[in-house]
Amino acid sequence: MSRPGSRSGEPGVLRSWYDSQIFFSLHALSLVGFGRAPMWYLRVERIPLSLIPAGMSDQTLATLSTDSSNIRELTLEGCYRLSDNGIEAMLKNLNKLETLDLSSCTRITSKTVRNIVRYAGNTMLVLRLRTAAQLSGEDFLPIAELKHLERYARPEIGSLVNFLVEQKRLTAGASRPCSLCISENRRVDDGSLIRIISEAGSKLQSLNMAGCTELTDKLVSAVAECCPHLEEICLDETQVTDVGLRKLTSKCSSLASISLRSCSNITDEGCIHAIKNCKIQRLSLNGLYCVTDATLLALKRYSEGLEELDLSWCRAITDEALGQFVDTVPSLRLLKLRGCSQVTAKFVGGHSNPDLEVSGHRLVEGINS
């Protein structure tokens, strides 16, 4: 009998609903004394989300992980019944586990985080713990002890973009650049996050703190001091002000991507300083009502490499300033203008950049801004 979902030379992977029924049925048979699962199952290395029932219990997980030591990738996202005990039993059995997704497992506590380090500290490469609102910033501090971690995603808004923001080699001795995503965690404060970021030091290249509403300039100042080679940062919905943004962009001049969506304390002053000090390629000012034509003028002068700009809900900008900016920055490929009802056909149909995609405006998408 061949292994399901596999081709010659390819690691074992369960891919279909049918295969999953075989998987669970064979284990059921083994439980009642009809023998062990055949060798093709024991060689399975990856079990994707589509094959894992959301109602899986601790006992079922512990049973299924018995004699399954070859499994390297396991996705348990949304398994709402699993607790620390079931995860611990699984971790003890799967001693080759490299990828683990426990996103939206609402019953796990800090004990699971500690057990991941305890049992999988030498093998874990990818760890996903998105939408774990029950955990505080302190609960995640042991993550820094994982020796070979390449990807790490904390609670995130559920888009693919945030899913792909990863932590690579968080430990201080790592040789490769790393990224850290801790978005959508409203319980994380400056103190706990500063301790985590300090572990990455100068190797941190990407940082996503979107939706961490308790974070302030104190954290941003620490990032500026610890992470001089930072290239991407997302500060959406944080409490950062012009003061913090100025310090960040003074120290981190390599920043090429900055997102400030709904940062209500940011004004033209902070934006202009960032634009002058960094060679920005992607910039989001979505929801910054205080941003005016002055920021567009700075972009016109200093952002010749800008490729993407989000000005959604920036209602203080004008057709004239937009037109001058777009006509002067030919590198611009995407301009988002959702909610900018003050922008008229004069700009939308009158700019001179044939390669520019204007997105979100009612004149190009037929929506109500």
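**Two serines in loops**

S104 sits in the loop between β4 (99–101) and α5 (110–120). In this predicted model, the phi of S104 is near 60°, a positive value in a residue other than glycine. S104 is partly exposed, because its relative accessible area of 24% falls between the 20% limit for buried and the 50% limit for exposed.

S262 has a positive phi as well, about 60°, although S262 is not a glycine. The loop that holds S262 runs between β10 (257–259) and α10 (268–277). S262 has a relative accessible area of 36%, so this serine counts as partly exposed.

| Residue | Relative accessible area | Class |
|---|---|---|
| S104 | 24% | partly exposed |
| S262 | 36% | partly exposed |
| N208 | 4% | buried |
| L219 | 0% | buried |

**N208 in strand β8**

N208 belongs to strand β8, which covers residues 204–208. Is N208 buried or exposed? N208 counts as buried, because its relative accessibility is 4% and the cut-off for buried is under 20%. The side chain of N208 reaches the backbone nitrogen of A210 at 3.0 Å.

**Helix α8 and its surroundings**

Helix α8 spans residues 217–226. How many of the residues of α8 are buried? The count is 7 of the 10, so α8 is largely enclosed by the rest of the structure. The buried residues are D217, L219, V220, S221, A222, V223 and A224.

Take L219, which lies in helix α8. L219 is buried, because its relative accessibility is 0%. Which residues does L219 touch, leaving aside those up to four places away in sequence? They are D190, L193, I194, I197 and M209. Consider I197 among these contacts. L219 and I197 are 22 residues apart in sequence, and their C-alpha atoms are 9.4 Å apart in space.

Now look at helix α9, residues 242–251. The axes of α8 and α9 come within 8 Å and cross at roughly 5°. That angle makes α8 roughly parallel to α9, because angles under 35 degrees count as roughly parallel. On the α8 side, the contact is made by D217, V220, S221, V223, A224 and E225. On the α9 side, the residues are V243, G244, K247, L248 and K251. Together, the residues of this contact divide into 5 nonpolar, 2 polar and 4 charged.

**The whole chain**

The chain has 369 residues, and buried residues make up 51% of them. It contains 14 helices and 14 strands. Among contacts with a separation of 6 or more, 70% come from residues 24 or more positions apart.

**How confident is the prediction?**

The mean pLDDT of the chain is 78, and 74% of its residues reach 70 or more. Which stretches have a pLDDT below 50? One is residues 1–43, with 64 contacts in the model beyond near neighbours in sequence. Another is residues 154–175, with 80 such contacts. Where pLDDT is low, the predicted coordinates should not be read in detail.

Conventions. Residues numbered from 1 in each chain as written. Heavy atoms only, no water. Helix = DSSP H or I, 4+ residues; strand = E, 2+ residues; numbered from the N terminus. Buried < 20%, exposed > 50% of the residue type's maximum accessible area, 1.4 Å probe, protein only. Polar contact = N/O pair within 3.5 Å; in protein donor to acceptor, adjacent residues only side chain to side chain. Axes fitted to C-alpha atoms, helices over the stretch in contact; angles between N-to-C directions. Parallel < 35°, antiparallel > 145°, perpendicular 65-115°, else oblique. Contact = heavy atoms within 4.5 Å. Nonpolar A, V, L, I, M, F, W, Y, C, P; charged D, E, K, R; others polar. pLDDT = per-residue confidence, 0-100.
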